[in-house]
Amino acid sequence: MSCVRRCTITVGDLGEFGVVARIAGRLPQGRTVLLGPGDDAALVSAPDGRVVVTTDLLLEGRHFRRDWSSAYDIGRKAAAQNLADVSAMGAEPTAIVVGLGLPAATGTAWVDGLADGFREECALVGASVVGGDIARSADGVVIGVTALGDLGGRAPVTRSGARPGDLVAIAGRLGHAAAGLALLLAGREGFPELVEAHRRPRPPYSCGPEAARLGATAMLDVSDGLLQDLGHIAEESGVSIDLDPAALPLPGPLTEAAGALAADPLEWVLTGGDDHALAATFPQDTPLPPHWLVVGRVGEGSEVTVGGRPAGPGGWDHFRE
């Protein structure tokens, strides 16, 4: 028996139920959880009487690389992209359930880090990991996350409510994760903030319910690129959206990294995904807090333009090369 085999405990050594018990032991349950892991299903309170539900799938080599990101980072990222979707509906996240496909040789320490990432990201919004499932995977790690949320008596903020004359505003970072990915692909060092943004997004969770209270007419999570995601609002609402390129934030690290890679930082802001900022439309007389940055206007029509000029589709599409 090799030293690696002797010194590293794998999920194959523990077996399915041992891994489940190990993960569950790292996950405290919050106030909305009436029954946590251990039964056929969990029980989570829904004070509003309605439940917001969203789900995402992450594949190793497609959404994350284990040589670029720690297990903890991957857990944070997987939870964040689902919790951000709940926030984008104007709801408060309450719980997530996680499905895992793991190669048998996966070390239990890696799984511990993943569970800790889930737990710590959920703790930011008072949510809990209440259950899930595990299976053996032959082709890398597969992570499926489903998140639940509560609207607190408010109407959901959908993509279909934008009206001509509305303001278009964003909360959170744009372009940072795309820049971080470009740096990793190029093997460049010296921009830790941007690389960290790719590994672990920072969604502005509280801004979703805040936008709902402020009267947002439409909202979504910017996961596939600002142009592409605003295109969904334009299509669902039957409106056009014009972005002011001068209003879009281009902070120093972004422009410096673009210079190092001979790239266009505005392209990262317009088409880069995975920052999980929020984009929303508001009636034009809405007094917005400073962390909501007005970047455009809603008008008549059916397209997204930048400075009045047509913009390409941009953004991420799993089936478009």
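This is a predicted model: local features need pLDDT of at least 70, side-chain atom pairs count only at pLDDT 80 or more; totals for chains, interfaces and linings use all residues.
Strands of a sheet pair through backbone hydrogen bonds, in a parallel or an antiparallel sense. Strand β7 is antiparallel to β10, with 5 bridges joining the two. Across this pair, Ala 171 stands opposite Leu 278 of β10. Strand β7 also runs antiparallel to β11, here with 4 bridges. Ile 170 has Leu 293 of β11 as its bridge partner. A further antiparallel pair is made by β9 (residues 240-243) and β11 (residues 293-299), over 4 bridges. In that pair, Ser 240 is bridged to Gly 299 of β11.

Strand β7 is mostly covered, with 5 of its 5 residues buried. In a regular strand, side chains alternate between the two faces of the sheet. In β7, Leu 167, Ala 169 and Ala 171 point one way. Val 168 and Ile 170 point the other way. Both sets are buried.

The second largest pocket has a volume of about 460 Å³. Its lining comprises 24 residues. Val 20, Pro 37, Gly 131, Gly 132 and Asp 133 lie nearest the pocket centre. By class, the lining holds 16 nonpolar, 4 polar and 4 charged residues. Helices α2 (11-24) and α4 (108-123) each supply at least two lining residues, as do strands β4 (92-102) and β5 (128-136). The most is given by β5, with 6 residues.

Ala 42 lies in the loop between β1 (33-35) and β2 (43-44). This residue counts as partly exposed because its relative accessibility is 34%, between the 20% limit for buried and the 50% limit for exposed. Beyond residues up to four places away in sequence, Ala 42 touches Leu 35, Gly 36 and Val 130. Ala 42 and Leu 270 are 228 residues apart in sequence. Their C-alpha atoms are 40 Å apart in space.

How values were computed
Residues are numbered from 1 along each chain as its sequence is written. Side-chain values use heavy atoms; hydrogens and water are left out. On a 1 Å grid over the protein atoms alone, a cavity is a set of points where a 1.4 Å probe fits but cannot get out, and a pocket is an open set with protein on both sides within 12 Å along at least five of seven lines; lining residues have an atom within 4 Å of a point. Grid points are joined across faces, edges and corners, and a volume is the space filled by probe spheres set on the points. Ala, Val, Leu, Ile, Met, Phe, Trp, Tyr, Cys and Pro count as nonpolar, Asp, Glu, Lys and Arg as charged, and the others, Gly among them, as polar. Two strands pair if DSSP finds at least two bridges between them. Buried means under 20% relative accessible area, exposed over 50%, partly exposed in between (1.4 Å probe, protein chains only). Contact means heavy atoms within 4.5 Å.
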